[in-house]
Amino acid sequence: MIIEKIKAANLRGCGGAGFPTALKWEMVRDAPGEKKYVICNVSEGEPAVTKDGYLLAKHPEIVIDGVKLALSAIKGSLGIIYLRKDYYKKHKTRLKSLAAGSPIELFEETCGYLGGEETTLLEVIEGNRAEPRFKPPYPPQSGLRGCPTLINNLETFFWVAKIASGEYIGNRFYTICGDVKNPGVFELNKDYPIVKILRETGNLPAFEFFVQAGGGASGQILLESELNQPLCGAGSIAVFDKKKTNLCGLMKKWSRFFINENCGKCVPCREGVYRLDEMLKDGAFDAESAKAIIAVLKETSFCPFGRGVANSFESLINKLWNQNK
Amino acid sequence: MESEQIEIMIDGRSVKAQAGKSILEAAAAANIEIPALCHHPDLAVRANCRICVVEIVGEKGVVPACATKIRQGMQIITDNDRLRALRKTNLELIMSQHREECADCVWLAECRLLKYVTQFKAKIDRFSDRKKKFATYKFGPIEFDRSKCIDCRNCVEICSRQQANFLELKNKGFRTVIEPSYDPKKDCIYCGQCIVHCPVGAIEAVGEFEEIRNLLADKKKVMVVQFAPSIRASIGEAAGMPYGSVVTGQLVAGLKKLGFNKVFDVSTAADFTTIEEAEELVDRISQKKILPMFTSCCPAWVKYVEFYRPDLIPNLTSVKSPQNMLGSLIKTYWAQKEKIDPRNIVVVSIMPCTAKKYEIEKPEARINGLKPIDTVLTTRELGRLFRLNKIDLKSLKAESADDPLGVHTGAGVIYGATGGVMESAIRTAYWRLTGKNMADLACTSVRGIVGFKKAQVKIGDLTLKAAVANGMENAKLILDELAEDPKAYDYIEIMACPGGCIGGGGQPLPVSDEIRKKRAQALYQIDCEKEVRVAHENPQVLKIYDDFFAKDQKKIHHILHTRYKQKQKSRIATIRQKD
């Protein structure tokens with residue numbers, strides 16, 4: 001049984017949250033319901049992360065195999081490959097031919113970053129406003145059109161197929177970018193410390209630097225002294241030259257991204273991001289004021305989006321802002 | 001399952017609560033107030049203001065109390081430094097969307113924003129008002145000032161449930177806006193439910209205080225005021241009295257103190273409406289004319305029919321609504337009796353309703369070229385007028401409405417609650433068909449704030465199939481049923497607002513099922529205590545029929561009946577914010 005194999009391989013979701021994959025599959029398999037859905041999430045909206053696009057171009061057949069494994073493990077399920085617009089345009093023909101004969105459909109997503117959040121994804125497929133749902137119920141209980149739904153990141157399905165063929169050795173994909181010599185997508189052991197990943201890929205800088213790990217917008221800032229840990233969150237490591245990086249400029253890049261991508265549903269995200277952006281735009285960034293906003297983003301926002309905003313801002317302010325001044 | 005009691009702890013206090021309830025509901029039931037802004041008991045839980053956050057012992061984060069269900073043994077903390085700090089910042093962010101104009105707000109003393117700002121020591125000017133240049137939209141009698149809107153979306157939901165789908169949510173992020181629809185197939189029905197569901201007073205009815213004050217100063221005019229059945233059960237709230245207080249006498253005294261020459265009661269006109277409507281119903285049934293017959297007292301429902309369902313216009317009773325009925329009688333019968341030129345009479349109408357402001361403007365409502373009513377004030381507006389003039393209803397000695405248009409029956413009072421028009425008409429139709437009054441006048445099957453009620457009433461050989469709906473989402477259920485089976489009902493009463501007029505868009509804030517129930521109960525209590533409870537026994541009404549109308553059907557039709565016309569989309573005006 002594939003689920004037993006996934007459990008033995010201890011695979012966790014590769015989208016960022018790291019939920020145990022076998023457990024999720026079991027939840028959907030065991031949930032009552034005649035009709036179920038299996039959704040392959042290829043929204044890949046986080047800046048600096050391109051590994052799903054890379055896999056889609058290089059190994060679409062393995063990804064489709066992974067989805068098919070889920071369809072056979074979950075009785076009565078239909079498959080949907082949920083692709084961000086440019087990926088859809090680029091890969092639809094190939095994916096359609098690979099999926100031919102199985103109950104797999106493609107869905108073209110147009111709403112950007114938030115469209116990758118799993119409950120927002122459900123709303124989008126149902127044709128509603130791109131906004132998150134309240135949880136519980138969780139998608140494995142009640143997802144698309146009220147049916148139990150399995151949502152996994154594309155890379156997760158890729159590794160499931162590798163587990164089935166006996167080729168999984170505990171790797172994951174890393175996108176490395178920023179002030180590095182050798183940017184790109186790399187396959188390495190999932191438990192490697194970040195410093196080792198940089199070294200092995202020829203990307204460990206000789207200058208003073210810091211990284212943003214786990215997403216180019218929502219990932220947290222890690223100092224050189226903190227790189228002895230494996231990567232958490234989305235599979236990206238962006239390297240910044242400490243001397244050359246303008247911290248306000250970096251935060252402004254984030255705030256611009258978040259202000260354009262947030263849905264507007266809850267107060268902390270809609271208004272908090274607006275105010276962070278305003279402070280950075282006016283060059284009047286006040287860390288103390290920002291901290292109060294970051295606190296409500298972290299603790300009271302409706303969905304993970306707000307916590308992501310807090311993650312990057314809070315780590316930068318705590319680790320770099322004061323010493324910078 | 002739902003009624004199962006479980007035990008939880010709130011702030012160290014053991015509380016028994018109904019399983020399935022949210023933390024917010026369970027706390028409220030135990031009289032523990034958790035601050036909340038976007039939550040409204042009538043609406044779905046949206047959980048977007050993030051003010052009601054609480055801690056659960058054993059859990060790391062905070063959760064919104066409105067959207068989190070209680071569990072056996074749950075230990076909830078509703079107040080500590082962490083929660084206060086979070087609420088403070090979220091309030092400051094909310095205030096940064098809301099231009100304050102407190103002196104002219106429908107919430108007044110009941111404003112939760114101000115209460116929480118004080119409670120959490122929030123700085124209302126921590127951030128600049130980002131919406132201060134946002135325009136105000138005006139459509140019919142409704143004004144939506146977007147510089148006060150906090151994007152909670154309550155209005156969008158209620159507008160959709162009211163079947164108008166007129167207020168729309170557009171764009172995303174901080175660019176999110178709520179706007180009136182420019183779709184020619186959508187229009188506002190003026191029910192005003194958006195007003196009573198907006199937590200921050202961004203929407204209000206077009207006020208006319210200034211005009212009234214000027215008019216009251218004009219000694220050449222005869223100032224007449226009339227008040228709707230439901231006002232007597234709700235205006236007390238504006239004076240700080242408990243929900244469901246009956247203040248008919250004080251209301252009359254207050255209106256006299258304001259300077260009105262005559263105070264009439266719309267319940268009297270409701271007795272005319274009942275008699276005419278029962279007559280029309282009997283005629284439609286016996287002559288096999290168009291059925292079902294719909295009531296037309298509710299102008300928001302009529303606007304819905306005239307705009308969205310003009311095919312149903314022939315089904316609307318031609319009888320005037322009590323408001324326009326009384327205005328028409330004042331400017332014909334009463335003017336003649338008092339030998340006053342009707343052009344010198346100003347009729348001000350106190351209504352629980354915003355759509356009533358629209359009803360008086362309809363060209364087809366004119367009586368001999370004059371508007372039947374000159375100005376409509378909502379209950380809220382009257383409450384403010386009393387306050388501005390330092391009139392405190394609690395301290396006034398009760399007075400009676402003036403003769404002859406102040407004498408009414410119990411039937412005329414229950415018009416203010418859902419099912420009341422139907423019940424009154426059934427009482428009179430029964431008498432009309434059988435020659436005697438019903439043994440038990442209380443038609444309990446059509447009472448109560450349940451959204452959609454059906455009843456089969458035996459009248460002699462006839463079984464009348466009746467239906468009553470309050471709230472347009474329930475009206476829609478009836479319309480859907482009629483699409484399947486056009487003969488499902490003979491007589492249908494529809495009130496656009498939840499609970500009928502007692503839940504109207506012009507009533508004091510706040511409102512909920514509990515409050516609507518208390519207001520309705522007050523009206524039924526008045527009916528119960530009235531000696532005359534059937535419209536056809538109102539002595540003054542019968543006298544006017546004899547003396548003034550003298551069986552002149554043409555005259556009756558001219559004064560007591562109206563017409564309806566298909567309506568086109570009305571204009572949306574945009575008013576720029578003054579600096």
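The centres of domain 2 and domain 3 of chain B, taken over C-alpha atoms, lie 30 Å apart. The model is predicted. The domain assignment of chain B places domain 2 at residues 95-206 and domain 3 at 209-560. Domain 1 of chain B covers 5-79. Contact between domain 2 and domain 3 of chain B involves 19 residues of domain 2 and 23 residues of domain 3. On the side of domain 2 of chain B that touches domain 3, helix α5 (residues 193-197) of chain B supplies the largest share, three residues. That side of domain 2 of chain B holds eleven nonpolar, five polar and three charged residues.

Chain B also contains an open sheet of four strands. Their order is β10-β7-β6-β19 (chain B), and the pairing is antiparallel. Strands β10 (203-205) and β19 (572-575) of chain B stand at the edges. Each has a single partner strand, so one side of each is left without a neighbour in the sheet. From one strand to the next, the twist averages 25 degrees. Strand β7 (residues 142-145) of chain B is joined to β10(B) by three bridges, and the two run antiparallel. Within β10(B), A205(B) stands opposite I142(B).

Chain A has twelve helices and nine strands. Its radius of gyration is 20 Å. A compact globule of 325 residues would have a value near 20 Å, so chain A agrees with that expectation. The C-alpha atoms of chain A fill a box of roughly 60 × 45 × 35 Å along the principal axes. Of the 325 residues in chain A, 53% are buried.

Helix α7 (residues 154-164) of chain A is mostly covered. Nine of its eleven residues are buried. In α7(A), the buried set runs from L154(A) through E155(A), T156(A), F157(A), F158(A), W159(A), V160(A) and A161(A), and also takes in I163(A). Just after α7(A), G166(A) adopts a positive phi of about 75 degrees.

The assignment for chain A gives domain 1 (2-164), domain 2 (171-241) and domain 3 (247-324). The centres of domain 1 and domain 2 of chain A, taken over C-alpha atoms, are 26 Å apart. Eleven residues from domain 1 of chain A and 15 residues from domain 2 of chain A make up the contact. On the domain 1 side of this contact, helix α3 (residues 51-58) of chain A gives the most, with three residues. The residues on that side of domain 1 of chain A are six nonpolar, two polar and three charged.

The two chains also touch each other. The contact takes 22 residues from chain A and 23 residues from chain B. On the side of chain B that touches chain A, helix α2 (residues 81-95) of chain B gives the most, with six residues. By class, this side of chain B has eleven nonpolar, eight polar and four charged residues.

How values were computed:
Residues numbered from 1 in each chain as written. Chains lettered and ligands numbered in written order. Predicted model: local features only at pLDDT ≥ 70, side-chain atom pairs only at ≥ 80, totals over all residues. Rg over C-alpha atoms; globule rule 2.2 N^0.38 Å. Buried ≥ 20, exposed ≤ 12 C-beta atoms within 10 Å, placed from the backbone. Pairing = 2+ DSSP bridges. Axes fitted to C-alpha atoms, helices over the stretch in contact; angles between N-to-C directions. Domains from an automatic or database assignment. Contact = placed C-beta atoms within 7 Å. Nonpolar A, V, L, I, M, F, W, Y, C, P; charged D, E, K, R; others polar.
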